[in-house]
Every structure is written in structure tokens, then in C-alpha cells.
Amino acid sequence: MVTPSYSNGIIQYIPFFYVIWSDDLLSASEISVVKKTIEDDSTLDVGEKKQLLKWLNREQPPSDNEFKQWKQTINNSKIKLIESDTYPLASLSQRLGDFHCSQCDFNEHLKHIEINLGIQPNHYNHLFDVEVVHEKTSNQYNARSLDTLLKGPHVSEVDAFRSFLDQDVFKWTVLRDKNDFRNHVLKQVSLLGEMGYGAMAYPEAFGGTGNMPAYAAIFEHLMYVDGSLAVKFGVQFGLFGGSIQKLGTKKHHDRYLTNAGKATLLGCFAMTETGHGSNVRGIKTTATYDKKTDSIVIHTPGENDNKEYIGNALHSKIASVFAQLIVDGKNQGVHAILVPLRDKDRNLFKGITVEDNGYKLGLNGVDNGKIWFDQVRVPRENLLDKYGEIKDDGSYYSTIKNPNKRFFTMLGTLVGGRICVAKGALGGAKMALTIAVKHALNRRQFNDTVKIQEDLIMDYPTHQLRLTPAIASAYVYHFTLEEMMKRYSDDTQPDKRKVETQVAGLKSVITWFANTTIQECREACGGKGYLLENRIADLKGDVDIFTTFEGDNNVLLQLAAKGILSDFKSEFNSAGFASVLKLLRSQLSDKLAVINPIYSNKVDSEHLYNPKFHKHAFNYRTRRLTYTLAMRIRNYIKKGVPSYQAFLKVQTHLLALGKAYSVELAYQVFEEHHRTITDEKYRDLMAKLGTLYALNQLHEDSRWYLEQGYFGGTKSKAIRQRVERLSTEFRPHIEVLVDGFGIPEHCLSAPIAT
């Protein structure tokens, strides 16, 4: 084949035309960017502009022969593609021009195309038969700047804690004997208590700083040390100590809280029962007030009514026991009572039986156990009585008269633990992603020639696609959980029901995300990811349980969905139609405005990357699912089906709504937060990560949108392609993004990551 003679002006555009016609995402808006650049380029003569514009005609694209000639023009030049150049493709074009015309002036207009089309080296370095000078990561962004954004207002606390963790006792090691493992973790927790980290969320009078958000931030960091440490830390200071702080009164705080925060008083949180799982209201353990002796009798009535899976059960001296409080023969509902378990010599008190749960899939450094109570008496003052008390005359009193409201108010005060669980799971996902990315930036495999070294596996589009959307999600979920903890910690808003609904859904979505991500990272590291020394195997086992403790995810999603439906409840009960019809009109309006062929198949980048589109798509799904769910339940009730049975019939619908609501909430919170970032460069980076998160979520649930007619097939395909393209665009910055998680080097002990 004879290479045609191109003019000097055209030659510098050839690499760009070769790339954009190799990319099947070439849209009208992208053509418009290139067209405007050509028209504004004063270095081109009329004939050159005419030729270049002719090559932009989508109806008559360049012939295959022309395409091959462009490639030959590039390959014959023997030039290099240098990924570390500020504008790699424009610089390649400059070298191509220099080869053909000797010291051509650099065409500044080409940078405009490269910037506005978001073209990255990974889009095209496989297209040219030229030497590619690879880089692991770019220096466009700074990991410390990203880390600072993630630390938010907790910079000083987090930095100090990271330094504190750099000591031998926190070095990760393989411990497979559960007793050795448990003793090691107990030593770590005791040290953390001694140094004041356990009490951070408590008031200053009890050794803390009253800073629950900072406590949650350091809790996530404990996942980088070991999952067992994070969980035992959470049980001791968050659940046990937190129950005293949130459910107790001054007499309990004065007697117990300081020692709980120092870990000199080890305690456990005894709520879950073998036979009743997530149904806290239905637990069977009883706490019967005996007026004659002014004491409360704790008792396990049946074989499967024992407390189950209680962390700290074998080390604890005392337990916060949740039981049905019975006063004067009347059940006042679930309350928490402090019940001593062991004496100073660690012998169990009479009437108390504790059994070891034994080895588990993960978290074997946590001493989970079962507890039975046989007519165990404790003083009346051991009742944690912030929301319900037994008065001196033996009568029960609560300022919250409605038992249901009282129950949910008590549980709502413990929502902080649910946020910490989500943060811990997210920390595990961040750790796995960091290990997997660093491995992929060193591991090489395959190439189409044996003459040069194999390719980095991070340069494969499939590898980028399996890890990059998860990194974007990790950033979105991080800022979402920060905001949720801020809302939960706001004492000016005493009613936590809305936050509880929000956290119930987010905990489910994020812990499932974490488990899926860790599994993907394990596979992405091949056999190396299966080795214990590389940490991912333990992360898999440890984070797995996060989907079912602090609330089973399927149950929590239904809780979230029922919270959304609460506005419909009165209409169902009174057979009213006003609000239902109002929502119906809203849905019909949406349908007319959105579900039309033009919108359903709109695929230009300005639209697909626009947060308004993402918000509308998420909100439409949530409202549509809410409306259809409400109507289904209402129709069942109209037919005489009891409300409980009606909800059973729509359980899968409830789960879909809970997930949809949580994804919308996460994106909305992230979108609002990222706009507060003052540095434009990092604000734009966060916006791009948010776009990848949103499009990936829409792609994963594209079946629903296609069924509803919200997407057409063309749009669904374009969204998938944009997810792939964005994943590739982040490749040059992939290591900076995971380094931005701020995992201390002394915690990142996996050999494949170092």
C-alpha cells in the first residue's frame, strides 16, 4: 500500500481522527467539538479544513482503506506515545508533524479536542504500532489532597490515630488459634481504651470529646488493622458503652461510663436471640420487677430464647441485656438492663451460663458466645431508664406514652452503630481495592508480541471496568456516611426516625457493595489474592457478616421502604384517595414529560453526564416504585387482606424500593457535598466520580428502566459504553485515587500491594 501524501496541517490531525473513528461513542456533540476546533484553527487553509470536515460526516464515514492509510502514516513515523505527557495525543501529533515537516509549530488547537473529548492514552495506545512509554499513574492529582477531602473535619484526630497505629501491637499477623487471636485483640482494645480512643464519643466528663463522627472515622481505620479489632472495639465502646450513654441516666453514666471507655470494665451487648434474630420486639428474655425485693429478675424462658452471637461474651464482666420488662404483671416492652456476668476472678455468677460460639467464617479474634439467664436478680437501678423507669413506689413511668414510639425511640438512639458497621464494611472495600489496584499496576500478563514486555493488567479495559466503578462508589459512599453520622449526631434534632430509615437502607446497600467488591478484588488478584498474607482472604471472611449483623440487610431494606410508605398509611386505613390521586397525577406527568422516544434515546455526553439526568432517573424510579407499591398494598387491603399479609405479598417490591431509595439518597448527598469543595480541580474530579457511580447504577438496573420505557435500547447501550469509557479515563489516576483513601503504609502490609 502506498501512503498518500497529506499536507502538514492535516498530518497533525490524523492521530485524532484515527482515535475518534476507532471509538464507537462518536456522538453529535463530540463531532461538534472537533468541527469547531477545525473551523477556529487559523493554521489550516481552506482546502485542509474542507478535507477534515469531510472526514467528520457520520453519514459517510472514512473508508476502511483511508483508515488503514492513517494508521500507516502514524506507524511509519517511528514516533513514541508518552503517557506522562500533559497532552499525550496532542504531543504524539506534534512528533508526527516533526517527522514529516521538521520542526512544525505545535498546534495548540489539538489540546482543545483532547481535553473536551476526555481522550486518555488508554483509549488508543493499543491502536498504534508505536512504542508506548507507560506510566503507572499520572501526577495530575495529589493523593494527600484527596485524603484531606475524605478526612473532612477530622484531620487532626485521624492523623494522630494513624501515627498511633504505627507500633508492633497493631502489626497484622496470621493468628489461627482462636484463643491466641482473641487475647491479642483484647490487648489491642485495652490499649485503645487506655489511650482514650474508645471514649471519643462520650462526654468530656467521662473521658471523651463528645465527637461521634471522629469516633466513626477511627473505627473505619481499625478495619485496616484487623476486622476482629474493629468489631470488638465497636462492641465494647459503641454497643456496650453506647447503650449506657444513650439509654442510661446520670447514675449509670457516673458509675459505668468512664470505666467502659477505658476498657477496665469489659461489657457486651446482649440483644439478639437464637430463636428471634432480627425481631427485637419479639425477644423472649424477661425482666420481671419484684416489688418485695426491689429487684429485677432476668430469665431465659425457653430453649431457643438465649442470647446468641454476643461479641465480648467470654471476656465481659457485665452485659446490657435487652428483655421484655414486666411490671405489675404488665409487659412494658423491650428495655435494657445491666446484668453482671462475672466476679473479679472472672467466675460466672450463679444462674448465668455462657457458651463459646466457636470458629466462624471470619472475625475469629472476637469472642462470640451464647448466654442463658436462670432467675438472675439485679437491683432496680440497673434498668437503663432514660425512656422508661420503675419509680420508687414500684410503678412504671415513661414520658413516651405510646409503646411503639417508645420502642423505636430506644432503638433509634443506637443507629450510630449501624453507620459504623457500614463505615467498617466500606473500609474493608477500600483496603481490598487498594491492594488489587497496586497489584494490577505491577503484574504483567499477555501481549501480541514476545519482543516487548507483557502489558500491565491495569491497562486492560476489562480490569479497569471491574475495579474503577467500585472506586467511584467508595468515594460516594464515604461522603454519604459522613453526612449521615453528622445528622445522627445533631442533638438539635432529637427525632432520629428519618435518619434511622435512611441509615437502614444505606447500611444494606453499602455492606452488600463491600462484599461484592472484595470478592471482585480477590478474583482480580488471581491466586495471589487467595493467599492469607495478602489480606483479601481475611477481608472476605470478616466483612461477610456485616450484611447480617446490626440488622439483616433484607429486613433493613423493608424497614426503609416502610418508612417511605409511612405517608400513605393514613390513606390506606381511612380509604382516602386524595394523596394517592395527587401522586398518581405526578407519575402521569412524569410519564408524559419523560417517556418519549426523544428522551428515552438521548445519548449525547452532555445529557448522560448531567447530574440533573441522574437525579431525575433515580427519583423517578423511587417515586414510581413507591406509587405502585402503595397501590398494590391498598388493593390487597380493600379486598380484606390483613395489612401484615398484604406486606408479605409485596416483599420483593419493598426490597426494590428500599434499594432504589438508598441509591438515590447516596447520590443526592454526594452531589450536594461535592459542590462545597472549593478547589475547582478536585471538585471536577469528584463530579466525574459521581457521574461514573450514577451511570454504573443505572446500567446495573437497566432492566427496570427498559421495562418502564424510561430508557430505550440505544440509551441503555450508550450508558454501558459510557461506564466503560469513564473507567478507562480514570486509568491514569487510578493509583492516586486509591492512595487518596489514606490507608497508612504501615497498615498496608499485603506483599502484592507493596
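**Entry 1: strands S3 and S7**

I began with a strand pair: S3 and strand S7 (residues 318-327) run parallel to each other and pair over four bridges. I noted that this is a predicted model. Next I looked for a residue facing across the pair. Phe269 stands opposite Ser320 in S7.

Then I checked which way the residues of S3 (residues 267-270) point. Gly267 and Phe269 point one way, while Cys268 and Ala270 point the other way. I found all of them buried.

**Entry 2: Glu389**

I moved on to Glu389, which lies in strand S12 (residues 389-390). Is Glu389 exposed, partly exposed or buried? Its relative accessibility is 28%, so I wrote it down as partly exposed. The cut-offs behind that step are under 20% for buried and over 50% for exposed.

I listed its contacts, leaving aside neighbours within four places in sequence. Glu389 touches Leu383, Ser395, Tyr396 and Tyr397. I also looked up the spacing to His335. Glu389 and His335 are 54 residues apart in sequence, and their C-alpha atoms are 9.6 Å apart in space.

**Entry 3: salt bridges**

How many salt bridges does the structure hold? I have 31 in my notes.

*Arg162 and Asp147.* Their side chains meet in a salt bridge, 2.7 Å from N to O. The pair links distant parts of the chain, 15 residues apart: Arg162 sits in helix H10 (residues 155-164) and Asp147 in helix H9 (residues 143-151). Both Arg162 and Asp147 are buried.

*Arg176 and Asp538.* The closest N and O atoms of this salt bridge are 3.0 Å apart. Arg176 lies in the loop between H10 and helix H11 (178-194), and Asp538 lies in helix H19 (residues 536-544), so the pair ties together parts that are 362 residues apart in sequence. Arg176 counts as partly exposed because its relative accessibility is 41%. Asp538 has 15%, so I put it down as buried.

*Arg621 and Asp701.* I read 2.3 Å from N to O for the salt bridge between these side chains. Again the pair links distant parts of the chain, 80 residues apart. Arg621 is in helix H25 (residues 611-638), and Asp701 is in the loop between helix H28 (680-700) and helix H29 (702-708). Arg621 is buried because its relative accessible area is 3%. Asp701 has 23%, so I marked it partly exposed.

Definitions and conventions: Residues numbered from 1 in each chain as written. Predicted model: local features only at pLDDT ≥ 70, side-chain atom pairs only at ≥ 80, totals over all residues. Heavy atoms only, no water. Buried < 20%, exposed > 50% of the residue type's maximum accessible area, 1.4 Å probe, protein only. Helix = DSSP H or I, 4+ residues; strand = E, 2+ residues; numbered from the N terminus. Pairing = 2+ DSSP bridges. Contact = heavy atoms within 4.5 Å. Salt bridge = Lys/Arg side-chain N within 4 Å of Asp/Glu carboxyl O.
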